Amino acid sequence: MPVFSVPRRVLPIVLLPLLAASRPAAPFAQPGRLDVGSFTLLINGQRAGREQFSVQRVQSPDGGTLEVRSESAIGDRRVAMRLETDSAGTPVRYSVEARQGADVTLRLGGQRVRGRFATLARSSTGEAAREYLLRPGAVVVEDDGVVQYALLVHNRALAVDSGVTLPSLTPTANGQGAVRVVLEAVSDTITLAGGRRDARRWRVVVGDGDRRLVWTDADGRLLRLSIPARRLEAIRDDVPR
């Protein structure tokens, strides 16, 4: 995840409450839970960090139906994320807090407002407000993070070798683009928690052509992620229950 680098300027007062959403995630155990677990993060085959996460159903007044939370660590870098979406995976609320050691390097909050997604960010170099047009089916795709991929495949009914192209937002990098999601196989096999497991394999291609491979179970719960260009793998620690 790139560190936010923007000039300092006066922020619209109406957006200031967005920063309240950027506090670290609360404990994960909640009613309506769809999935909970953790991933071991490997770089060049060597253990580099860990991400714990939860996915749950919610019912918020402004249309949120799913909530994803994660806390990840690689070295002395920590990132806490909370994303609330509607049933299509389009963001309703979003927050990220990144730390390097004891220092907060980025704090970003965002929310949907009348067909747009407004964000407010504070970093070590300044503050910035941004607004994005929310096109139908838009999803959040960041450079870092594992559990975000759960929303790309959630309730995605595709035939093998077919796919869908979705508008994407990358709020931490001030970016908009598109992401392609393709179902490659429904009968792949992976090793998980010391045993062989049936899995579905998905191919995710972001706007710059970077390819990621995602494995899920039949219920869409994440099992593994591979980003070859970064030599990064995330392997689930336990079998989903």
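**View 1. Strands that line the largest pocket of the predicted model**. β1 (33-43), β3 (66-74), β4 (77-85), β5 (91-100) and β14 (222-227) each supply at least two residues of the lining. β4 gives the largest share, with five residues.

**View 2. The centre of the largest pocket**. The pocket holds about 430 Å³ of space. Its lining counts 28 residues, and E51, S72, R77, D144 and G145 come closest to the centre. Sorted by class, the lining has 17 nonpolar, seven charged and four polar residues.

**View 3. The largest nonpolar core**. This core has 43 residues. Y94, Y149 and L152 touch the most other members. Helix α1 (residues 149-153) gives the most to this core: five residues. In soluble globular proteins, nonpolar side chains tend to be buried together.

**View 4. Contacts of Y149**. Neighbours within four places in sequence are left aside here. Y149 then contacts E142, V204, R212, V214, L222, L225 and I227.

**View 5. The whole protein chain, for context**. The chain has one helix and 15 strands. Of its 241 residues, 49% are buried. The accessible surface comes to about 11,500 Å², and carbon and sulfur atoms account for 49% of that surface. Among contacts between residues at least 6 apart in sequence, 46% join residues at least 24 apart.

Terms used:
Residues numbered from 1 in each chain as written. Predicted model: local features only at pLDDT ≥ 70, side-chain atom pairs only at ≥ 80, totals over all residues. Heavy atoms only, no water. Helix = DSSP H or I, 4+ residues; strand = E, 2+ residues; numbered from the N terminus. Buried < 20%, exposed > 50% of the residue type's maximum accessible area, 1.4 Å probe, protein only. Contact = heavy atoms within 4.5 Å. Areas by Shrake-Rupley, 256 points an atom, 1.4 Å probe, with all protein chains shown as cover. Core = buried A, V, L, I, M, F, W, Y, C linked by side-chain atoms within 4.5 Å. 1 Å grid on protein atoms, 1.4 Å probe; cavity = no way out; pocket = protein on both sides within 12 Å on 5 of 7 lines; lining within 4 Å. Points joined across faces, edges and corners; volume = space filled by probe spheres on them. Nonpolar A, V, L, I, M, F, W, Y, C, P; charged D, E, K, R; others polar.
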